[in-house]
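The sequence and the structure are shown first.

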Amino acid sequence: MSTKPKLYYFDGRGKMESIRWLLAAAGVEFEEEFLETRDQYEKLLQGGSLLFEQVPMVEMDGMKMVQTRAILSYIAAKYNLYGKDLKERALIDMYVGGTDDLMGFIMMFPFLSAEDKEKQHALIVQKATGRYFPVYEKVLKDHGQDFLVGNSFSWADVHLLEAILMVEEKKSDVLSGFPQLQAFKARISSIPAIKKFLEPGSQRKPVPDDKYVETVRRVLRMYYDVKAN
């Protein structure tokens, strides 16, 4: 029996992508089962695997874990990516929480109507450059260290790099006014485990396309358009 974590989700980014990123950063190999049909999803429901009737679900260390934040916290703690004490953990939680907020604007983008996508694109860039990136730019400038917390590589760094790359897919020069974040991106991207995950052929998922959206809608029976913020 495999001891690798097993991830249950769609063959696309969504909420599972940050889990893939964190496992990859920790150097942990994992397997995936992609949900393609409603029957697969209902089988998980009927088997009691989805505590709140939601995915992502990760089978790991004898547990079937749901709730994205709980899964990420467990992985970060297990693989020493969660700071050395409670104060550092609180900072990591704050930074991850902010990055999550920014990612939320991007994650919903593929499910918007054509009319709303243009508005959301502008909102993503506005939020990134006006609210979120200035925070991380200041943190890095003020403490003059390579990483966001405690001068050690942590979950916060992984999460921020993921968010930066997501926003750059919307606006390639979005970091033009953020020299600290440009340097941060280069540093974190060069960490061997991260560099490997960024290479072609890894388990990192591409920008969500129409096929991904249609699969999610079919499996979850989403018969409506998501509304833009």
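## Annotated regions

The UniProt annotation "domain: GST C-terminal", from an unreviewed entry, covers residues 85–209. Positions from UniProt are given in the numbering used here, with feature names shortened, and such annotations may be inferred rather than shown by experiment. Over residues 85–209 the chain is 67% helix and 0% strand, and the end C-alpha atoms are 41 Å apart. Helices (H or I, at least four residues) and strands (E, at least two) are DSSP runs, numbered from the N terminus.

The unreviewed entry also carries the annotation "domain: GST N-terminal" for residues 3–83. That span is 36% helix and 20% strand, with its end C-alpha atoms 26 Å apart.

## Basis of the model

This is a predicted model, in which local features need pLDDT of at least 70 and side-chain atom pairs count only at pLDDT 80 or more, while totals for chains, interfaces and linings use all residues. Residues are numbered from 1 along each chain as its sequence is written, and side-chain values use heavy atoms, with hydrogens and water left out.

## The sheet

Four strands form an open sheet in the order β2-β1-β3-β4, with mixed pairing; two strands pair if DSSP finds at least two bridges between them. The edge strands, β2 (31–34) and β4, each pair on one side only.

Strand β1 (residues 6–9) pairs with β3 in the antiparallel sense over three bridges, and Lys6 stands opposite Glu59 in β3. Strands β3 (residues 57–60) and β4 (residues 63–66) are also antiparallel, over four bridges. Met60 has Met63 in β4 as its bridge partner. The hairpin of β3 and β4 has two residues between the strands, and Asp61 takes a positive phi near 55° there.

## The largest pocket

The largest pocket is lined by 26 residues, of which Tyr9, Gly14, Lys15, Val55 and Met107 lie nearest its centre. A pocket is an open set of points on a 1 Å grid over the protein atoms alone, where a 1.4 Å probe fits, with protein on both sides within 12 Å along at least five of seven lines; lining residues have an atom within 4 Å of a point. The elements giving two or more residues to this lining are α3 (68–78), α4 (86–107) and α9 (210–220). The largest share, four residues, comes from α4.

Domain 1 (6–79 + 198–220) and domain 2 (86–191) both give residues to the lining, so the largest pocket lies between them; the domain bounds come from an automatic or database domain assignment.
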